[in-house]
Amino acid sequence: MAVSTCFKCTGHSFELTLFTPIGESKKLTLVQCSQCGTPVGVMDPATGPQIEALKNQIAAIDERLNRIAKALTE
Ligand SMILES: [Zn+2]
């Protein structure tokens, strides 16, 4: 696998840090170069529960589709 390289200082080590964007109340997790602090990525911790909710919605749609398919074959 390729080694991640900071585009600014060409460092190879990164760290996670929490930051709050201006005007926002929730914190985001930022991936930054541990040598110069250049941000290389961001993770929103709120996406986890949102994905879980979407999975539940898809499961509910799937169940309804199965019921429709069953009704059509009867
Ligand atoms: Zn760097």
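Thr38 is buried, its relative accessible area being 9%, where buried means under 20% relative accessible area, exposed over 50% and partly exposed in between, with a 1.4 Å probe and protein chains only. The model is a predicted one, in which local features need pLDDT of at least 70 and side-chain atom pairs count only at pLDDT 80 or more, whereas totals for chains, interfaces and linings use all residues. Residues are numbered from 1 along each chain as its sequence is written, and side-chain values use heavy atoms, with hydrogens and water left out.

Thr38 lies in the loop between E2 and E3, the strands (E, at least two residues) and helices (H or I, at least four) being DSSP runs numbered from the N terminus. When neighbours within four places in sequence are set aside, Thr38 is in contact with Cys6, Phe7, Lys8, Val31, Gln32 and Cys33, contact being defined as heavy atoms within 4.5 Å. Among these contacts of Thr38 are Cys6 and Cys33, and both of these cysteines are also donors of the zinc ion.

The zinc ion has as its protein donors the SG atoms of Cys6, Cys9, Cys33 and Cys36, which lie 2.2 to 2.4 Å from the ion. Donors are here N, O and S atoms within 2.8 Å of the metal (3.2 Å for Na, K and Ca), and since water is not among the atoms, sites may look incomplete. The angles among the four donor atoms run from 104 to 113 degrees, and the site is tetrahedral, a term applied to four donors if all angles lie between 85 and 135 degrees. For comparison, the ideal angle at a metal with four tetrahedral donors is 109.5 degrees. Along the chain, the donors of the zinc ion follow the spacing C-x2-C-x23-C-x2-C. The structure holds zero disulfides, a disulfide being a pair of cysteine sulfur atoms within 2.5 Å.The strands form an open sheet of three, in the order E1-E2-E3 and with antiparallel pairing, two strands being taken as paired if DSSP finds at least two bridges between them. E1 and E3 stand at the edges, each with a single partner strand, so one side of each is left without a neighbour in the sheet. From one strand to the next the twist averages 30 degrees, with axes fitted as lines to C-alpha atoms (for helices over the stretch in contact) and angles running from 0 to 180 degrees between N-to-C directions. Six bridges join E1 to E2, and four join E2 to E3. Gln32 is the bridge partner, in E2, of Glu15, and Gln32 also stands opposite Pro39 in E3. In the hairpin of E2 and E3, which has five residues between the strands, Gly37 takes a positive phi near 80 degrees.

Two threonines illustrate the surroundings within the strands. Thr29, in strand E2, is buried with a relative accessible area of 15%, and, residues up to four places away in sequence not being counted, Thr29 touches Leu16, Thr17, Leu18, Gly41, Val42, Met43 and Pro45. Thr17, in strand E1, is partly exposed at 25% relative accessibility, and under the exclusion of residues up to four places away in sequence Thr17 touches Leu28, Thr29, Leu30 and Gln32. The C-alpha atoms of Thr17 and Met43, which are 26 residues apart in sequence, lie 10 Å apart in space.

The segment before E1 contains Thr10 as well as Ser4. Thr10 is exposed at 53% relative accessibility, and its phi is near 60 degrees, a positive value in a residue other than glycine. Most residues other than glycine have a negative phi. Ser4, with neighbours within four places in sequence left aside, is in contact with Gly11, His12 and Phe14, and its C-alpha atom is separated by 9.8 Å from that of Val40, 36 residues away along the chain.

Technical notes: Four donors count as tetrahedral if all angles lie between 85 and 135 degrees; four count as square planar and six as octahedral if opposite donors are over 155 degrees apart and all others between 65 and 115; anything else is irregular.
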